[in-house]
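Hi,

Here is the structure I promised to pass on to you. Have a look at it before you read the rest.

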Amino acid sequence: MSLFTELKRRNVFRVAIFYGISAWLLLQIADLIFEVLLVPDWTLRFIFGLLIAAFPFVLAFSWAFEITPEGIKREVEVDHSAASQGAIQRKLDRLIIILLIAVLGFIGINQFLGGPAPETSEADSTVAAISKPVPAEVQSADVAKAAAEGQSIAVLPFVNMSQDQNNEYFSDGLSETLLHLLARIPELQVAARTSSFKFKGLNEDIRVIGEQLSVAHVLEGSVQRVGNRVRITAQLIKVEDGYHLWSQTYDRTLDDVFAVQDEIANSVVGALKLTLLDDTPTSAVVATDVFDDFLRAQTLIARRGTQDVKRAIELLQSVVEREPGFALAHARLARAWLLESRSGALLEQTVPNAEAAARRAIEADPKLADGYTALGMSEFYRNRSRNEAALELFQKALDLNPNDADTLMVYAQGLSISGELGPAMIAAREAMDLDPLNPEAFRIMAWVLEDGERYPEAIELLTRALESWPRDFGLMNSLKSVHFSLGNYGEALNISRTIAELDPDSFSNWQSQFEAYMDLGAVPEAGEALDRMQQLAPERAYDEAAEFELLKGNVEGYRGYLRRYAEARTWARTYRSIQLAVSEGRYDDALDEAMNSDSDDWGGYGFRRQLTIAVLAGLAGQTTIREQALTSAESLLEEILQLRRESRIASVLEARMAAAQGDAGLATEHLRLALAAGHRDFSEMMTGSDFTWLPIRQTPEFLAFVEEIQQRNEATLGEIRAR
């Protein structure tokens with residue numbers, strides 16, 4: 001008899017199959033139970049080793065012994081008749097079938113409990129196909145990705161494996177904090193949070209993720225929290241072939257989470273063989289309850305809802321009270337205060353709070369880029385027209401962390417306002433490379449294009465972006481703004497109405513509607529938009545309310561709102577006080593206020609202040625002061641024109657200069673050039689609230705231009721109302 005036949009007769013093969021299936025099922029059940037109980041990972045590996053080691057002994061046992069109806073007997077004592085042998089084999093076969101059914105049932109239940117794969121949203125399903133139509137001169141820019149030479153990574157949101165789904169904030173927050181830690185390594189390009197978190201809950205192929213985020217590596221993992229214990233699993237994967245470069249599981253208490261983050265960062269550096277100029281950044285160590293609230297706040301800020309931001313501010317204020325040295329919390333608080341201003345809160349209140357928080361972040365950690373970014377954004381919100389200080393702070397932040405897409409976005413805006421359109425476009429493109437799935441990056445590029453009066457390119461970019469993010473308010477607002485700039489009021493107002501349907505409490509949207517109707521002289525429609533603004537944030541609408549009263553011809557109403565503005569607000573108060581004095585014929589008072597004011601009160605426009613002084617001095621009969629101011633204004637205008645000579649706004653500024661000099665012919669000539677170039681915002685000039693036109697306001701040339709604008713507006717308004 002052959003060995004194979006004897007092994008078969010003694011049921012060795014059946015026992016081997018039975019043992020293999022039983023061992024696999026045992027390991028799967030143990031894995032589930034151990035995961036819930038946070039049993040150390042080595043325990044499962046130890047059991048697996050025991051099962052492997054026992055296998056030869058099981059086979060030897062099945063050779064020497066057999067299971068019979070009377071129990072286990074030595075093989076030599078067993079009845080080997082065909083009937084008896086068949087009964088034993090059928091019993092083993094039935095046991096194997098029962099185990100196979102149990103295995104299939106286990107797999108089915110596991111799949112059912114795991115739930116179906118989340119559906120991909122419309123934006124996620126199309127975002128891979130979005131092209132990046134950007135200006136040709138920045139297509140080949142030496143962006144961060146090229147500089148990183150393949151040392152790039154995306155940190156995907158770690159999966160929440162806890163039984164309590166309310167712990168989602170903890171896994172998300174931990175992922176974001178780890179991403180922030182890695183982003184502080186200048187030698188490593190890190191995909192921004194917004195883009196990385198697009199893949200949350202999606203079972204997407206790593207190679208597809210790497211392609212969409214333009215990264216060579218992906219860090220993913222899971223977090224399981226039970227009470228004060230946490231298990232964090234992390235693995236670094238090479239996108240090109242899907243192979244794991246490194247993986248590790250950490251079973252720790254919450255107090256050790258910071259050490260785990262540092263260990264993961266160091267392991268990534270080691271696996272990617274990075275040569276660092278400085279040591280790997282380390283996590284701030286704070287009390288666990290403080291860190292827990294910080295992670296909750298981070299998740300709320302990411303949602304950006306009005307109530308979410310308010311709650312985040314409350315949490316972060318509590319965090320920094322308990323841990324005054326927690327620099328990143330101060331920086332996050334500063335950003336939250338700036339987000340709060342979008343809900344209608346007065347900038348005079350939110351920006352100083354943001355500035356104070358940003359300065360505390362820098363004091364706590366001078367090497368934290370986030371503090372400088374937040375402080376720069378505070379400066380930017382305070383005074384967009386004079387942004388040298390903001391640009392310096394953004395540059396400082398980028399020196400510390402060149403991977404911060406948010407900083408690159410605001411840096412691009414600041415550069416654009418300063419007239420440095422080329423560098424602005426490069427910064428915007430770098431932000432798009434670092435955060436390719438963030439619609440805000442596309443909006444910023446469009447913003448720079450609009451500022452450079454490259455409207456067709458901005459419209460193309462925004463239109464393509466909206467195909468992937470059709471409900472994104474930022475993109476809609478930007479497209480609306482471009483159409484307003486082009487004088488396409490019908491298209492712009494259609495977009496504004498769509499936004500109003502989706503987000504009826506958007507103050508800025510109603511504000512843009514109001515401005516459009518004011519440009520067209522449409523009293524009923526402007527009044528409706530103003531009513532919504534006043535319902536949402538009455539103090540922020542005093543300025544617009546004053547303009548509206550003047551449009552209706554109600555001078556006393558205009559003066560009343562100017563007084564309210566001066567009483568309630570601090571920013572631009574000087575200019576409103578001067579407007580009030582001019583409307584009352586108090587030219588000497590207006591001149592004194594303009595000359596004694598700080599230049600900061602004028603939004604940084606030195607030209608505007610000097611022009612105002614010149615006009616007021618002329619009205620007050622102060623010839624010497626007028627001539628000095630005109631000379632200064634001419635010098636400042638030349639500086640502006642060196643940057644913006646080809647811009648249509650240049651013609652408007654030259655028209656203002658001519659008006660201050662009393663040359664109505666030259667002023668209206670420049671105004672017609674601006675009109676021909678596409679400029680449409682003449683509302684303040686038409687209503688008379690912009691008093692710098694007073695020296696020529698009653699001249700035939702100026703009155704003829706005003707009548708021409710009124711006729712154009714009436715025709716446009718008629719078309720809009722007819723739709």
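A word on ground rules. This is a predicted model, so local features need pLDDT of at least 70 and side-chain atom pairs count only at pLDDT 80 or more, while totals for chains, interfaces and linings use all residues. Residues are numbered from 1 along each chain as its sequence is written, and side-chain values use heavy atoms, with hydrogens and water left out.

**The whole protein**

The protein has 34 helices and eight strands. Both are DSSP runs numbered from the N terminus: helices are H or I with at least four residues, strands are E with at least two. Of the 723 residues, 51% are buried. Buried means under 20% relative accessible area, exposed means over 50%, and partly exposed is in between (1.4 Å probe, protein chains only). A contact means heavy atoms within 4.5 Å. Among contacts with a separation of 6 or more, 63% are between residues 24 or more positions apart.

Two packed helices are described by the angle between their axes and the distance between the axes. The axes are lines fitted to C-alpha atoms, for helices over the stretch in contact, and the angles run from 0 to 180 degrees between N-to-C directions.

Helix 18 (residues 421-434) packs against helix 19 (residues 439-451) at about 165°, and their axes are 8 Å apart. That is why the two count as roughly antiparallel. The cut-offs are under 35 degrees for roughly parallel, over 145 for roughly antiparallel, 65 to 115 for roughly perpendicular, and oblique for the rest. Helix 18 passes helix 19 in a left-handed crossing. Left-handed means that the near helix is turned anticlockwise from the far one by less than a right angle; clockwise would be right-handed.

If you want to find the contact on screen, helix 18 brings L421, A424, M425, A428, R429, A431 and M432, and helix 19 brings A441, F442, I444, M445, V448, L449 and D451. Sorted by class, there are 12 nonpolar, no polar and two charged residues. Here Ala, Val, Leu, Ile, Met, Phe, Trp, Tyr, Cys and Pro count as nonpolar, Asp, Glu, Lys and Arg as charged, and the others, Gly among them, as polar.

**Around helix 25**

Helix 24 (residues 523-536) and helix 25 pack at about 155°, with axes 11 Å apart. That makes this pair roughly antiparallel too, and helix 24 passes helix 25 in a left-handed crossing. V523, A526, G527, L530, M533 and Q534 from helix 24 meet E544, A545, F548 and L551 from helix 25. By class, that contact has seven nonpolar, two polar and one charged residues.

Is E544 buried or exposed? E544 counts as buried, because its relative accessibility is 9%. E544 sits in helix 25 (residues 542-551). Leaving out residues up to four places away in sequence, E544 touches Q511, F514, L530 and M533.

**Aromatic rings**

Rings of Phe, Tyr and Trp (its six-membered ring) pair if their centres lie within 6.5 Å; planes under 30 degrees apart are stacked, over 60 edge-to-face, and the rest tilted. By this rule there are 11 aromatic pairs. In one of them, the centres of Y542 and Y561 are 6.2 Å apart and the planes are at 40°, so the pair is tilted. Y542 lies in helix 25 and Y561 in helix 26 (residues 555-568), so the pair ties together parts that are 19 residues apart in sequence. Both Y542 and Y561 are buried. Elsewhere, F291, F294 and F326 form one aromatic cluster.

**A few single residues**

L99 lies in helix 4 (residues 82-114) and counts as buried at 15% relative accessibility. L99 and F18 are 81 residues apart in sequence, yet 7.8 Å apart in space, C-alpha to C-alpha. Apart from residues up to four places away in sequence, L99 touches F18, I21, S22 and L25.

S214 is not a glycine, but has a positive phi of about 55°. S214 is in the loop between helix 9 (206-213) and strand 6 (217-226), and is partly exposed at 25% relative accessibility. Phi is also positive, near 60°, for E453, again a residue other than glycine. E453 belongs to the loop between helix 19 and helix 20 (455-468).

Cheers
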